[in-house]
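This report describes selected local features of one structure. The sequence and coordinates are shown first, and the discussion follows.

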Amino acid sequence: MRGNRMETSIRTKEKLRYAIMGGTFDPIHFGHLAAAETVRQKLNCQKVIFIPLGNPPHKKNRILSDPTHRYTMTVLATTSNPFFEVSSIEVNREGYTYTLNTIEELNKYYGSEVELLFITGADALLEIETWYKVEELLKLCSFVAVTRPGYDKSMLEQKLLYLQSKYNSELHIIDVPGLNISSTDIRELIKTGASIKYLVPEVVEQYIFKHGLFRE
Ligand code: NAP
């Protein structure tokens, strides 16, 4: 009896769950937005924080658009969703940006009451063992790989099982029934003068043309 009373009086406070949507967002498109919203709902996240990357060590073979443009497009694209936020934590960082530093900073800022999930593309996650201090990173947050329609998941599933047993980490695969869009395709369409309507939010399309992005 006494024990039961104790059990009911000690209530474990449930952690808040915030998803971090990390990506280049050059440009952000409806595929990213649909992925973030799907993960938010399926994994019961209170919000999604979009973090456009700053100066990444792994992008040496392509010149990215200015971080200010990528950040602004992300803000414009996410304004209409009350569960979405954008952080400039990486675009403002001097030197190379590593996901580990970002997660450490966010953990410090939000404290132990918040659990962080990192969302990224399935292809990016397949390469995770090349990331900076991956073992530490996988201890600090769970990872969510989002897949596009038609994506062959067999390799990804094997990789996730391997990562789970090697690092004792929490990883998820979420299928996004959204559109089959990629930033690479959008940049290519702009270069050839083709339309990008209905691939990116209208405000993002206007911003791209106003600033003459991706023409070359
Ligand atoms: P990427 O290699 O450019 O992207 C690989 C694939 O994943 C692309 O098809 C890309 O599609 C897709 N993708 C990327 N981010 C996505 C997202 N949030 N949601 C859905 N699809 C996504 O990847 P990246 O953009 O450079 O990097 C992704 C994240 O991983 C970034 O936050 C980056 O900082 C982190 N990362 C960290 C390290 C490290 O710490 N050392 C190393 C590599 C990556 P789109 O082109 O259409 O976006």
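## Surroundings of His-172

Apart from neighbours within four places in sequence, His-172 is in contact with Leu-43, Leu-117, Phe-143, Val-144, Ala-145 and Leu-160. The model is a predicted one. His-172 belongs to strand β6, which spans residues 171-175. With a relative accessible area of 19%, His-172 counts as buried, because the cut-off for that class is under 20%.

## Packing of α3 against α9

Helix α3 (residues 67-78) and helix α9 (residues 202-210) have axes that come within 8 Å and cross at roughly 155 degrees. The two helices are therefore roughly antiparallel, as angles over 145 degrees are assigned to that class. The crossing of α3 past α9 is right-handed.

On the α3 side, the contact is made by Thr-68, His-69, Thr-72, Met-73, Leu-76 and Ala-77. Helix α9 contributes Val-203, Val-204, Tyr-207 and Ile-208. By class, the residues of this contact comprise 7 nonpolar and 3 polar, with no charged residue.

## The buried face of α8

In helix α8 (residues 183-191), the residues Ser-183, Ile-186, Arg-187 and Ile-190 are buried. Viewed down the axis of α8, these buried residues fall within an arc of 100 degrees, so they line one face of the helix. The elements covering them include α2 (30-42) and α9.

Just after α8, Gly-193 adopts a positive phi of about 80 degrees.

Definitions and conventions: Residues are numbered from 1 along each chain as its sequence is written. This is a predicted model: local features need pLDDT of at least 70, side-chain atom pairs count only at pLDDT 80 or more; totals for chains, interfaces and linings use all residues. Side-chain values use heavy atoms; hydrogens and water are left out. Axes are lines fitted to C-alpha atoms, for helices over the stretch in contact, and angles run from 0 to 180 degrees between N-to-C directions. Helices (H or I, at least four residues) and strands (E, at least two) are DSSP runs, numbered from the N terminus. Angles under 35 degrees count as roughly parallel, over 145 as roughly antiparallel, 65 to 115 as roughly perpendicular and the rest as oblique. A crossing is left-handed if the near helix is turned anticlockwise from the far one by less than a right angle, and right-handed if clockwise. Contact means heavy atoms within 4.5 Å. Ala, Val, Leu, Ile, Met, Phe, Trp, Tyr, Cys and Pro count as nonpolar, Asp, Glu, Lys and Arg as charged, and the others, Gly among them, as polar. Buried means under 20% relative accessible area, exposed over 50%, partly exposed in between (1.4 Å probe, protein chains only). The arc is that of the directions from the helix axis to the C-beta atoms.
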